[in-house]
Structures are given as structure tokens and as C-alpha cells.
Amino acid sequence: MSITRRDFLNGVALTIAAGFTPLQQLAFASEYTQKMVLGEDYYPPKLTGIRGSHDGSFEASHFLGRANGQFTLPTEIEEEYDLIVVGGGISGLTAALLYVEKFGKDQKVLILENHDDFGGHAKRNEFQTDQGLLMSYGGSESLQSPRSDYSENAINLINSLGIELDNLESHFDVGFYTNQGLSKGIFFDKEHFGVNKIVTGDPGRGPAYDIPVGEENGRSIEDFVNDFPMSQQDRADLIHLLKDETDFLSGMSIEEKEEYLDAHSYSTFLREKVKLSDQSVLYFQQTTHDFMATGIDSMSASDARSSDLPGFAAMGLPPLDPHDQAAIDDLYIHHFPDGNATLARLMVRKLIPSVAPGDTMEDVVLAKFDYSQLDRPEHNVRIRLNSTAIRAENLPGNEGTSVVYLQDGKTRRIKSRATIMACYNMMIPHIAPSLPEAQKNALRHNVKMPLVYTKVALKNWKPFKESGVHLVYAPSAPYSTVKLNYPVSMGGYLHAATENDPIVLHMIYVPTMSDSGLHPAKQAQMGRANLLGMSFAEHEKMVRDQLEAMFGEYGFTQDDILGITVNRWSHGYAYYPSTLFDDADEFEVMMEIANQPFGNLYIANSDSEWSAYAHSAMDAAFRTIDELSKKRGA
């Protein structure tokens with residue numbers, strides 16, 4: 001059955017209010033839930049089209065949150081557990097693992113997940129081709145800077161799952177692309193620069209880069225910039241900036257410089273202090289999309305410095321925070337073929353061993369997961385997909401908690417000794433309205449940034465080889481980053497050996513209000529509305545048009561595309577506090593208020609760490625299980 005998004009939004013409320021029959025309820029379930037009910041094989045990673053926050057995963061939450069919609073809440077308790085976890089992402093799965101480890105394998109745990117797959121943002125994308133399986137990540141990419149940034153708890157956790165860092169690093173072929181003469185490049189589009197042109201040999205790096213220093217195949221700054229389709233004056237100004245030999249805040253004290261950088265956006269700094277033209281500023285506009293999911297107009301100049309953007313080296317400023325420096329210095333190579341989906345799969349297999357055979361990080365890569373094992377009554381730990389929590393509350397007399405969730409158009413109430421909210425912070429006030437008002441207000445501040453990871457399966461990557469690039473930054477095209485899949489071979493899965501082999505292309509789109517200077521949260525809200533209104537056909541056209549413009553002259557044709565998966569994360573990166581808009585001291589207090597346990601309700605998610613990283617999600621789970629244990633005197 002084909003239904004529109006608007007039909008779906010209207011249908012969720014109608015299903016509850018009107019008491020539709022099971023067949024009618026099925027019309028408002030996600031496409032894959034329909035197939036499941038109809039008896040077809042259930043394996044979400046193989047789905048293409050719009051994934052991520054797919055239709056069917058968010059409509060009930062929007063009804064609850066946006067429209068203050070009211071569901072009919074049942075009173076009968078259908079099931080009882082020791083622990084309910086709302087959210088099956090890295091934090092929720094970690095919390096379940098730690099709970100069982102702390103309180104015993106006989107504990108009954110239920111994980112409720114509103115998507116049709118577990119993992120949260122750590123999703124797996126698969127494409128079947130004539131030459132075999134192609135695999136990539138639909139969200140959370142890698143273990144970033146694990147040797148620098150991971151807590152002892154997080155390291156112990158990944159070790160317990162069989163992840164050994166030296167071994168993981170060995171599966172990443174660091175020199176694969178550069179050994180073939182490829183480099184990072186820049187794509188200038190005709191609409192903004194008068195011509196479609198890829199300029200190769202970018203000598204820059206930036207955070208989370210997987211090429212060792214000195215091996216980037218970069219040209220000199222002068223040679224690189226002088227190929228730009230820009231005026232001679234603009235090129236000269238960019239060369240002056242990129243050489244980073246000028247103190248653009250000379251005359252100020254170190255304290256005054258830091259205050260200026262905190263109080264002004266990077267785009268303002270470039271215009272006011274570096275004296276760049278609007279077109280030269282445009283060159284940098286989307287440099288922060290990948291790392292921060294926002295443009296330079298709503299990012300402080302101090303955060304731009306932390307993102308390794310130019311203009312600050314000659315200012316005599318103190319060293320960067322070690323976390324920020326590690327993101328720049330550490331090689332971004334702790335990567336599985338499907339990104340952190342393997343991390344989630346390892347957790348699920350440990351919680352429910354019958355879901356897949358094996359016991360190593362290698363053998364899980366190609367293991368076919370049996371999703372029918374996730375929610376079986378004989379298992380102490382169960383994962384219930386396509387299930388959206390709509391009410392969580394403490395029961396009287398410290399008797400535990402009750403949770404109401406929506407699945408297949410029906411509301412069900414369940415009970416537990418405790419509930420861990422491992423979902424989006426901004427939804428928690430709507431799910432748990434009895435929370436203190438101050439805590440609800442604090443939770444609402446984490447407005448997540450929209451982000452799209454589109455995966456394109458290609459017959460081959462000859463156009464990339466011909467053009468001389470493995471990664472392209474596009475300052476003004478819809479997709480700011482276009483790059484070939486990470487060269488990882490592991491557990492029997494083999495990355496493309498030559499340019500004649502099929503490969504997955506990774507493309508990043510962030511729907512910001514470019515150069516508006518609006519608060520990131522406001523841009524997130526506006527961008528999310530635009531994103532949710534886009535059909536797959538619109539996404540597909542945008543992808544095909546940009547690839548044609550970029551690589552058409554190098555032999556790319558539309559027939560080279562084997563499949564497209566649009567991982568639409570309308571709620572993507574957690575909100576990152578900015579000195580442009582936030583008071584640091586007030587923000588610390590707000591974060592503390594947001595994370596407080598309330599009775600037997602606990603909060604554990606990467607949002608609670610105000611961070612989008614996998615290790616932050618793990619640390620949140622450790623904190624929460626510690627809070628729960630202390631309350632029980634364990």
C-alpha cells in the first residue's frame with residue numbers, strides 16, 4: 001500500500017481515536033512493518049530509498065510533541081520487566097548490557113525502539129550487486145580518537161565486545177587512495193562560480209581525516225588556489241589567509257582575542273578582519289557541515305579554530321583543548337565496513353546470542369542477523385522494534401514505572417522496576433510530562449541538528465580515478481561532501497580493489513539556512529521542516545544532478561548508479577553549545593538539571609552528554625547505571 005507522508009501524519013491520530021480494525025491500522029504502519037506483517041523476510045539493512053528516520057518512525061512523536069496530541073492510554077498492565085529502556089541506540093544498548101552485568105542475567109529487560117532497526121544512528125546500509133554485497137554506514141561512522149578521548153569505561157566496554165584497537169586499525173588500508181595518486185578536491189558549481197569545476201590537490205586537512213600528515217597528495221597553496229574559478233584578487237586574498245602567517249587581530253591582547261573569537265562568527269571574522277569578499281567567504285560556508293552540521297555563519301570563530309579552519313595560527317593563542325586537538329591530529333581509521341552499526345550488532349549479539357552466530361568483531365561483519373529472535377518471550381532481554389514510547393511515569397509508592405508505547409496502531413502499557421530514557425532529550429518532556437518544569441525546560445534545549453547521509457552504490461569509480469579525487473568538498477552545492485567509501489576489508493568483506501569494482505559513495509547534505517546568521521537551533525527547526533517535506537524523488541534528483549555536474553566530464557553516466565539510500569536524520573547531531581548564543585556557566589547548570597534521575601526514571605543518551613559521539617552515548621549509560629545502582633544500594 002502506498003501512502004503519502006501527510007496521510008501518515010493524519011493517520012496516526014485517526015488510528016488511535018477511531019479504533020480502526022487491524023487491516024486499517026496496517027495502512028498507517030511503516031512500509032517495512034507492512035511487509036513484516038504480511039510474512040516477508042524482515043531485514044531492514046537491505047532497504048534503500050529513505051532510511052534513517054524513515055516514515056513510520058516519527059509520526060506518533062510529532063503528534064505527541066508538535067500538536068500536543070492526546071493518545072488514549074490503556075490502564076491494563078500487559079507485561080512486567082525489571083528494566084525498560086526507551087531507545088535502542090548505542091546508549092540504550094550499553095545500558096541494557098551494563099544492567100544485566102550488574103544485576104544478573106536473569107533480569108528481564110525490554111528495549112523499545114521506534115525505528116524498524118536497532119542501533120539508533122548506528123545504522124547499516126547494504127546493496128546487492130552482480131559482484132556481491134556492498135556495505136556502508138547510514139549514520140554513526142567510526143570510533144573517533146578512541147586512544148585520546150575514550151574513558152576507561154568505554155575502552156573496557158568495547159574490549160568486552162571483542163574490539164581490539166590495533167586489530168581494528170589493521171583492517172583500514174590507509175594509503176589505498178593516495179597510493180593511486182588521488183587527493184582531496186574542491187567542486188565549484190556553475191550557479192555560484194560560473195563553471196562546474198573540480199580542483200584537485202587540496203593541501204588542507206581538517207578534523208577526522210584518515211590520511212597521514214604529508215601523504216595527502218596536496219599541492220602548494222599557491223598552485224591549488226590559483227586554479228580556482230575566482231578573481232585574481234579573491235585568489236590572492238585566499239592564499240594570504242590559507243598561508244596562516246598573519247595575525248588578523250593584531251593589537252589585541254590574548255584575552256581580547258579570545259573574547260572576540262567567542263563573540264563573533266567565523267563568517268564575520270572573515271569579512272571584518274580578513275577582509276574577504278562574499279564569494280571568498282562562500283568558499284568556507286559549508287566546511288563545517290560534516291563536523292558540526294551547521295555553517296560558518298552560526299559558528300563562533302573560536303569553534304572554527306577548533307575545526308582547523310585557517311586564520312588563527314599567528315595569533316599566539318593558547319593550545320586547543322586536548323579533545324579538539326585529538327580530532328585534528330588522530331587518524332580517523334577506527335572504522336568497520338558498516339561504521340558503528342557493527343558496534344550495535346556486537347551489543348545485540350551479546351544481549352541475545354541466538355540472533356547471530358560467532359563471537360568476534362570479524363565474524364559479526366557478514367553474520368546474517370535473525371530479527372525474529374529480537375523479541376521472544378523465552379529471552380530475558382528483548383528488543384521491540386517499531387514501538388514508540390508515548391508515556392513514561394513513576395508508579396505510586398515507589399513501585400516502579402509504567403510505560404505506554406504505540407505499535408501497529410495500538411497502545412500498550414507495561415511495567416518495570418525502572419525505566420531508562422535513552423531517546424532524544426527534546427522528546428522526553430512530552431513522554432514524561434510529570435518531570436519537574438525546570439528539567440523539562442533544560443531537556444528541550446537540546447534541539448538536534450538535521451543531517452543527511454546519502455549512500456550511492458556505483459558500478460565503478462572510474463570517474464573519481466579520472467578526475468584525481470577520493471574526497472570532494474563542495475562550498476555551495478547541496479551536498480557539501482562527496483567521498484568514496486572508507487577502504488576497510490574485514491571478516492570476509494572486501495573493499496573495492498580497483499576503480500573497475502563497485503563501491504559505495506558517501507554524500508553529506510545539511511539543510512541549513514546558508515549565511516543567515518540565525519541561531520543553530522532555529523536553523524535546525526527550519527531545516528528539519530524542509531527535510532521532512534522532501535520526497536525520495538526530490539532527493540534522488542538532487543543526488544543525480546550534482547554527480548552529473550561534478551563528474552560528467554570524467555565519464556560518469558546515470559547508468560553508473562546501482563542504488564540510492566537516503567539516511568534522513570531529521571534529528572541528527574546533538575546540540576553543541578556555542579559561545580555565540582550560550583552562556584557557558586548557565587549551560588553547565590542546565591545540563592546538570594537535564595540529567596537528573598526522577599524517581600525511577602533515568603536519562604541516558606548522547607544528548608545528555610551534549611555530544612554526538614558513540615563514546616559519549618556509552619559514558620551516559622555508565623553514569624545512569626551507576627545512579628540506578630546507588631539508589632538500590634548495589
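Buried means under 20% relative accessible area, exposed over 50%, and partly exposed in between, with a 1.4 Å probe and protein chains only. The structure is a predicted model, in which local features need pLDDT of at least 70 and side-chain atom pairs count only at pLDDT 80 or more, while totals for chains, interfaces and linings use all residues. Residues are numbered from 1 along each chain as its sequence is written, and side-chain values use heavy atoms, with hydrogens and water left out.

**Exercise 1. Salt bridges**

Task: Characterise the salt bridge of arginine 205 with glutamate 216.

Solution. 
- Step 1. The criterion is a side-chain nitrogen of Lys or Arg within 4 Å of a carboxyl oxygen of Asp or Glu. For arginine 205 and glutamate 216, the closest N and O atoms are 2.7 Å apart.
- Step 2. Both arginine 205 and glutamate 216 are buried.
- Step 3. Arginine 205 and glutamate 216 each lie in the loop between strand 7 (197–199) and helix 10 (221–225), so the pair ties together parts that are 11 residues apart in sequence. Helices (H or I, at least four residues) and strands (E, at least two) are DSSP runs, numbered from the N terminus.

Solution. 
- Step 1. Arginine 124 is buried at a relative accessible area of 6%, and glutamate 126 is buried at 8%.
- Step 2. Glutamate 540 is partly exposed, with 24% relative accessibility.
- Step 3. Salt bridges with shared partners also join Glu79, Asp375, Arg382 and Arg384 into one network. The structure holds 30 salt bridges.

**Exercise 2. Aromatic pairs**

Task: How many aromatic pairs does the rule give? Classify the pair of tyrosine 177 and tryptophan 461.

Solution. 
- Step 1. Rings of Phe, Tyr and Trp (its six-membered ring) pair if their centres lie within 6.5 Å; planes under 30 degrees apart count as stacked, over 60 as edge-to-face and the rest as tilted. The count by this rule is 29 aromatic pairs.
- Step 2. Tyrosine 177 and tryptophan 461 have ring centres 5.8 Å apart and planes at 85°, so the pair is edge-to-face.
- Step 3. The pair links distant parts of the chain, 284 residues apart: tyrosine 177 is in the loop between helix 8 (165–170) and strand 6 (183–188), and tryptophan 461 is in the loop between strand 12 (449–458) and helix 21 (462–467).
- Step 4. Tyrosine 177 is buried at 4% relative accessibility, and tryptophan 461 is buried at 0% relative accessible area.

Task: Classify the pair of phenylalanine 224 and phenylalanine 228.

Solution. 
- Step 1. The ring centres of phenylalanine 224 and phenylalanine 228 are 5.0 Å apart and the planes stand at 80°, so this pair is edge-to-face.
- Step 2. Phenylalanine 224 is buried at 1% relative accessibility, as is phenylalanine 228 at 3%.
- Step 3. One aromatic cluster includes Phe224 and Phe228, with Phe188, Phe248 and Tyr473 also among its members.

**Exercise 3. Backbone angles**

Task: Where do serine 145 and alanine 293 lie, and what is the phi of each?

Solution. 
- Step 1. Most residues other than glycine have a negative phi.
- Step 2. Serine 145 has a positive phi of about 50°. Serine 145 is in the loop between strand 5 (132–137) and helix 6 (146–149), and is buried at 5% relative accessibility.
- Step 3. Alanine 293 has a positive phi near 60°. Alanine 293 is in the loop between helix 15 (289–292) and helix 16 (301–306), and is buried at 2% relative accessibility.
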